[in-house]
Amino acid sequence: MKKKMSIMDRIADSAKSVTTGVDAKDIEHWVTIYVMGRAYEVPADLTILTAMEFAGYKFVRGVGCRQGFCGACSTVYRRKGDYKLQTGMACQTRVEDEMYLVQIPFVPAEKAIYDIEKENYDVNVILKYYPDIARCVSCNTCTKACPQDLEVMDYVQAALKGDFEKAAEESFDCIQCGLCAARCPSELVQYHIAQLARRMYGRYEFPEPEYLKKRVKEINESKFNKEMEKIMKASKKELEKLYAERERESD
Amino acid sequence: MAEMKLIGGYPEYMRESIKKVEQTRMKRKDYTPPAFTPEEQKEVLKLHPDFAPGGKRKLSIGPNKGDKGPAEVLDLLEAYPLIEEKDVDLSSADYNTEILIIGGGLAGTTAAIWANESGVKTKDILLANKLRHGDANSIMAEGGTQAADRPNDSLLRHYLDTMGGGHYANKPDVLNALVNDAPFIMQWLLKLGAIIDREENGDFLEKWGGGTSAKRLHSCRDYTGLEEFRVIRDEFRNREIPCIEHYPAVELLTDGKGRVTGAVLWNIETGEYKIVKAKATILATGGFGRLHIRGFPTTNHYGATCDGVVLAYHAGAKLRDIDTVQYHPTGAAYPIQIVGYLLTEKLRSSGAQPVNKDGEAFVFPLEPRDVEASSFIKECYVKEKGITTPTGLRGIWLDTPLIEIKNGEGYIDKAFPGMRRMYNRFDIDMRKDPVLVFPTLHYQNGGVETDPWGKTNLDGLWVAGEVSGGVHGKNRLMGNSTLDTMVFGRRAGISTAEYVKNNNPTLKLTLKHTKEYIKQLKDAGIKTKRRAPILLPDYRGKAALARMIDVFQ
């Protein structure tokens, strides 16, 4: 009789395609993708990233968090018969049959150098560091390129007008992959512009809560040192008791 | 056979279970299962991957000889170094720096800024990254950062919550540093221009975290780590601190007598090495999710391969609490493309409820992570009340539509744009349908032992962030990891700055410690081809690998 698998073994077995790579014998549906022009047969339910790994690529560039947060795996692709270039993150885009793709793992865009503490919160800051922003021709190519579906052109226009709130809000989910800048016919650096706008907004729009100021002051005055020194010396038994009896703040 | 037909992202049989979830939703709206008693917690924890039989062994060499740890970690500690003295020319250094920082996530980047802030010139600091600057777990942190700043909260509460969550194994002086510096870190983030969620009156919008007794979680939508890291990296770049990318450390350098004197970096594209000589070295290399301990999927980034712990151990550093691993209760279990990805705990603190296949709420949603994760395993594999996906994974529902029932329409778009975006890509509307979750490998609880300033037992070596051990004990609480990186990144930056200003040690560059390490391995009878650090995991297809030959060597 086959030995009964433990719970841990069953969990590991069910996840093995994710943890050790896909095994061809488990796959029913296949598609053909073209990596820089060369054809590979890959399982249909993989992402561009995992499909390339299946095909034998070991990434040392063009990969980072693998979950859509870091912007390292920008990819440009075209579907067969379509003239249009699409953009996406390799880790977040499922492969499609007859997809032609290339990764763009680096964008040589220049970031301005500034000291946020020395700036005035006024509309000219963006123009001062990124004068090129005035060249925006409102073609919306950046918006179409954004894998986060942000309204890039709108935030650029807002930044140009010195509307920090709109620029910050609209650009907040930016993962700084640089695809906007790579596609921009006016050669703006949208994602760097957005970074400056957000920092200005965050730094100067919101006063520090009074209670935070007070708490930092109390800590600097060593107000809690006595009780903290006491608890640092508490035994495990004492800690268990205090933990069990601690009050939970009401919802 | 045609591909499976999906309705709103789910196959029909999963839809049937979703119907049951819908039927019980309004009843569950005002009902939360009670929290476990300490005895019940203990009982369910037996199912936790840390305590379930198997998966561990005892370490056979080094300062922690005899300690138990996960087999996957021990495989790397009981592996041969990548390089030996004969492989490299140590007669001169390519970089001669005061402070070398290895790893550019939140901890390493914060350390660089604070070293500079403390008087070390930018040219005397070097930040080395394995991938790009910022390819780190930090940037993926979703939920938030804890800081006991509100009047009805206290450092003591934060300390006690963390201590209880960590099963009283936390190192007291290091934990004290964490809670003590937290409010200051929030102040620093504001000064840098981070945009932190606010109430209408300007107060921070503070949320619950699992295992906390007060609302002290500060978030930036569900992109907390991204926002924190973006402003910190921008500040780092404005200071023009030297930074090199795609240069992992393959070994630390020592003087042969226990002092760390720099590192050997390796160009991951060309294969060329560089020698860095440094008065102080800070390891900020993150954790080990990509080791897939016990075969679990992970939330971690591509480079999370335990490098720092391996390098430090080669040089003779002490480790602690390496026996425990954090599994985040809510990793995505469906669809297959996102399995293991993180679904922030903030979903539960905003009202989403864990529910089984029959639509029953079966656990208090905000137990500490190890307890919550264990209860999901129990529901799926003991009570058989989980939902099985088309690829054979099991999971339970996280009833996300409850979030908008409790907080009003539009709330998910505002608070969870990252989650929404991820599910939208697979045609799942998490405002209307629940999402399927199962525990996923999330965090290295232990690591290299430190004092409250990040200093290790070795002269010249500091650590900060996930690579360190002690502050979280045996189980980290939500919102304490981003906090850890910034508190101890800053402390390591300040401490190394002070050290390099006041000390002028002779910096001999040797790899004698690797020779000694190899001897220990041999004496312990370890015969293996394993070499470490591994730097990157390998997901290449088996068919492609089977036909690979290397003709350039």
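User: Which residue stands opposite B:Gly447 in E21(B)?
Analyst: B:Arg320 does. Keep in mind that this is a predicted model.

User: How do E15(B) and E21(B) pair, and over how many bridges?
Analyst: The pairing is antiparallel, over 2 bridges. E21(B) covers residues 447-449.

User: What sheet are they in?
Analyst: An open one of 3 strands in chain B. The order is E15-E21-E23, and the pairing is mixed.

User: Which strands stand at the edges?
Analyst: E15 (319-320) and E23 (468-469) of chain B. Each has a single partner strand, so one side of each lacks a neighbour in the sheet.

User: Which helix packs on that sheet?
Analyst: H8 of chain B, residues 307-315. H8 touches E15 and E21 of chain B. Its direction makes about 40° with that of E21(B).

User: New topic: H14(B). How many of its residues are buried?
Analyst: 17 of 22, so to speak mostly covered.

User: What span should H14(B) have?
Analyst: H14(B) runs over residues 481-502. At 1.5 Å a residue, the helix should span 32 Å. Its end C-alpha atoms are 31 Å apart, which agrees.

User: Now the contact between the chains. How many residues does each give?
Analyst: Chain B gives 90 residues and chain A gives 81.

User: Which helix gives the most on the chain B side?
Analyst: H6(B), with 10 residues. Other helices of chain B supply at least two residues each, including H5 (155-165) and H10 (369-381).

User: What classes of residue are on that side?
Analyst: On the side of chain B that touches chain A, 44 are nonpolar, 22 polar and 24 charged.

Terms used
Residues numbered from 1 in each chain as written. Chains lettered and ligands numbered in written order. Predicted model: local features only at pLDDT ≥ 70, side-chain atom pairs only at ≥ 80, totals over all residues. Contact = placed C-beta atoms within 7 Å. Helix = DSSP H or I, 4+ residues; strand = E, 2+ residues; numbered from the N terminus. Nonpolar A, V, L, I, M, F, W, Y, C, P; charged D, E, K, R; others polar. Pairing = 2+ DSSP bridges. Axes fitted to C-alpha atoms, helices over the stretch in contact; angles between N-to-C directions. Expected span 1.5 Å × (residues − 1). Buried ≥ 20, exposed ≤ 12 C-beta atoms within 10 Å, placed from the backbone.
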